[in-house]
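Trainee: Could you take me through one part of this model up close, and then show me how it ties in with the rest? I'd like the actual contacts, please.

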Amino acid sequence: MNEQTLYTSAVALLKQLIQTSSFSKEEQETAEHIKQHLLQFGITAEQRGNNIIAKNKFFDPAKPTVLLNSHHDTVKPNPNYTLDPFDPIEKDGKLFGLGSNDAGGCLVSLIATFIHFYDKPSLPYNVMLVASAEEEISGYNGIEAVVKELPPIDFAIVGEPTLMQMAVAERGLMVLDAVAHGKAGHAARNEGENAIGKAIKDIEWFHTYQFDKVSPLLGPNKMSVTVIETENKAHNVVPAICKYVVDVRVNELYTFDEVIAVIGQHVQSEIKPRSTRLKSTSITTDHPIIKAGLSMGKTMYGSPTTSDKALMPFPALKMGPGDSARSHSADEFIYLEEIEKGIKDYIEIMRLIF
């Protein structure tokens, strides 16, 4: 099947996905659309939860396997939308709609790539496709649940909008719930121990502290306090508790345990991570898929955002059409030529390793 036909069918699928609400944990209808799209090409897919899984026609357990993955869930529409987020409007070479850029364009381009290689005999690799759910919330019933049941995977291409450049590393994400403890008292008298004051000292440390090890790809670790609150309803009570949230982005040179240990040495607040699942990941620059991309003139970089790549226990390259800067924005769009080039480049990089 030629690339033009693949492109035309990919855009048609993307429009169908845009028209269908697929918020995280509510992806049943888009899962069905993806299955039916594959059936049009004679491909029977398996569904686990809201994840769609397919194998190439000549899958051989004795061969190594490459996984093509992107997600079909979306966030809820940005409140500043001026267009209908569920109306796939084509205008000025752009396709507008919720999830068009993140990560619909990547997903349909990878599906087209899978279809291209599906019935090729004698491939040196098996090719698997997973259209995953719950990526936007790092849910437990998305890619994390699926990879436990897949055959061994040698490496993956994860479709996220990177302008088709190679994100060879990405930051890990750890969210900390912090509590500063004081003692309640009346604000008019010299009573109590103000928990806000204690929290401020710790927050200032989070704001200014610099970790020693700086990644050439991802830069330094970054910690940002993003929420702060007390339980007080009255203005005249010295608060006994001040809660705040810290967004921690970790480079590949630190484990979450190391970061938590450093924090514990410097702050008085009680610190509890919500999860330590979303670890920083990287793929070696001498991996065949990276060498193939470099031969195509692609560049390497470290991504500040996290993705399903963080939940994969095997090497993965994050790369896809679209621009991360457009993700979750009002009037989200992808250029149609980005999808066309995405399909072309995905097929080419696979050919180079095959």
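Mentor: Let's go for strand 2 (residues 51–55): four of its five residues are buried, so the strand is largely enclosed by the rest of the structure. Buried here is under 20% relative accessible area, exposed is over 50% and partly exposed is in between, with a 1.4 Å probe and protein chains only. Strands (E, at least two residues) and helices (H or I, at least four) are DSSP runs numbered from the N terminus. Keep in mind that this is a predicted model: local features need pLDDT of at least 70 and side-chain atom pairs pLDDT 80 or more, while totals for chains, interfaces and linings use all residues. Numbering starts from 1 along each chain as its sequence is written, and side-chain values use heavy atoms, without hydrogens or water.

Now the neighbours. Strand 1 (residues 46–48) runs antiparallel to strand 2 and is joined to it by three bridges; strands pair when DSSP finds at least two bridges between them. Gln47 has Ile52 as its bridge partner. Two residues sit between the strands of this hairpin, and Gly49 takes a positive phi near 65°. Strand 2 also pairs with strand 6 (residues 126–132), again in the antiparallel sense, over four bridges. There, Lys55 is bridged to Met128.

Ile52 comes up again when you look at Leu38. Neighbours within four places in sequence aside, Leu38 is in contact with Ile43, Ala45, Ile52, Ala54, Ile111, Phe114, Ile115 and Leu129, contact being heavy atoms within 4.5 Å. Leu38, Phe114 and Ile289 have the most contacts inside the largest nonpolar core, which has 54 residues. Such a core is a set of buried Ala, Val, Leu, Ile, Met, Phe, Trp, Tyr and Cys residues joined through side-chain atoms within 4.5 Å. Helix 3 (residues 100–118) is the top contributor to this core, giving eleven residues. A separate second core has 22 residues, including Ala195, Cys242, Val246 and Tyr254.

Strand 5 (residues 94–96) and strand 18 share three bridges, and Lys94 partners Tyr335.

Helix 2 holds Thr30, which counts as buried because its relative accessibility is 1%. Its side chain makes a polar contact with that of His72 at 2.8 Å; the term means N or O atoms within 3.5 Å, one able to donate a hydrogen and the other to accept it within protein, and residues adjacent in sequence count only if both atoms are side-chain atoms.

Zooming out, the protein has eight helices and 18 strands, and 52% of its 354 residues count as buried.
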